[in-house]
Amino acid sequence: MKKTTKLLHIIGLVMFFGGILPSIVMNSVVGTSADAVLIYHQRLFVSAITWALTIPGMWIQIVAGCLTALAGKYRPLEHRWLIAKFVLAVLILINGTFVLAPLVSQVTSIAEQSALQGHLLPTYMPLKKQEDMYGIANFLMLVIAFILAIYRPSFRRAQQGAHADRP
């Protein structure tokens, strides 16, 4: 069971990052283009990747990671880094599933309407910037969760030395 959850955790991680990184590349390639048709095709790609890889990968990775952690040698309530990682996992799931994924669909829908009209609608860029902001937030939380998992900081106050002057 433990090896299966680790395998699922790695598969989820590959899917999650496998969805995030191409979306970042596509955004940088298209950039601030005003070509509504080009943007629409880029958005089709981003939406497909989001729903086929990023969202399922995020869920697989986080659920399998939590199961692996709970079955492991660490007791969640005794390790603050693990509590912080669990909190970040919940925030990533909430942001990714209930904020970011719906925004991806909305931005793609506006891009489709823009392509049909032959120009970018004024509602596209503000919503796209909002999507980017929530995407960056999710990515940063993910990086912090990785750092916590790798370095496992204690989050304890520095202990005073044995020879410290006391009043």
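**View 1. Overall fold of the predicted model.** The structure shown is a predicted model. Its secondary structure consists of four helices and zero strands. Of the 167 residues in the protein, 36% are buried.

**View 2. The loop between α2 and α3, with K73.** Helix α2 spans residues 36–71 and helix α3 spans residues 80–117, and K73 is placed in the loop between these two helices. K73 has a relative accessible area of 70% and is therefore classed as exposed, since the exposed class begins over 50%. K73 also belongs to a patch of positive charge on the surface, where it gathers with K2, K3, K6 and R152.

**View 3. The largest nonpolar core.** This core contains 19 residues, and the members that touch the most other members are F16, M58, I62, L82, L88, I92 and L142. Each of the helices α1 (2–30), α2, α3 and α4 (124–151) supplies at least two residues of the core. The largest share, eight residues, is contributed by α3.

**View 4. The nonpolar surface patch of L7, L8 and I11.** On the surface, L7, L8 and I11 form a nonpolar patch, and together they have about 250 Å² of accessible area. Within this group, I11 is located in helix α1. The relative accessibility of I11 is 37%, so this residue counts as partly exposed; the partly exposed class lies between the limits of under 20% for buried and over 50% for exposed.

**View 5. The loop between α1 and α2, with D35.** D35 is situated in the loop that lies between α1 and α2. Its relative accessibility is 40%, and D35 therefore counts as partly exposed. In sequence, D35 and A115 are 80 residues apart, whereas in space the separation of these two residues is 8.3 Å, taken from C-alpha to C-alpha.

**View 6. Q130 in helix α4 and its separation from L103.** Q130 forms part of helix α4. With a relative accessible area of 33%, Q130 is partly exposed. The pair Q130 and L103 is 27 residues apart in sequence, and the C-alpha to C-alpha distance between the two residues is 8.0 Å.

Conventions
Residues are numbered from 1 along each chain as its sequence is written. This is a predicted model: local features need pLDDT of at least 70, side-chain atom pairs count only at pLDDT 80 or more; totals for chains, interfaces and linings use all residues. Side-chain values use heavy atoms; hydrogens and water are left out. Patches are made of residues with over 30% relative accessible area and no salt bridge: like charges are joined within 9 Å, nonpolar side chains (Val, Leu, Ile, Met, Phe, Trp, Tyr) within 5 Å. Accessible areas come from the Shrake-Rupley method with a 1.4 Å probe; for residues, only the protein chains shown count as cover. A salt bridge is a side-chain nitrogen of Lys or Arg within 4 Å of a carboxyl oxygen of Asp or Glu. Lys and Arg count as positive and Asp and Glu as negative; His and the chain ends are not counted. The place of a charge is taken as NZ of Lys, CZ of Arg, CG of Asp or CD of Glu. Buried means under 20% relative accessible area, exposed over 50%, partly exposed in between (1.4 Å probe, protein chains only). A nonpolar core is a set of buried Ala, Val, Leu, Ile, Met, Phe, Trp, Tyr and Cys residues joined through side-chain atoms within 4.5 Å.
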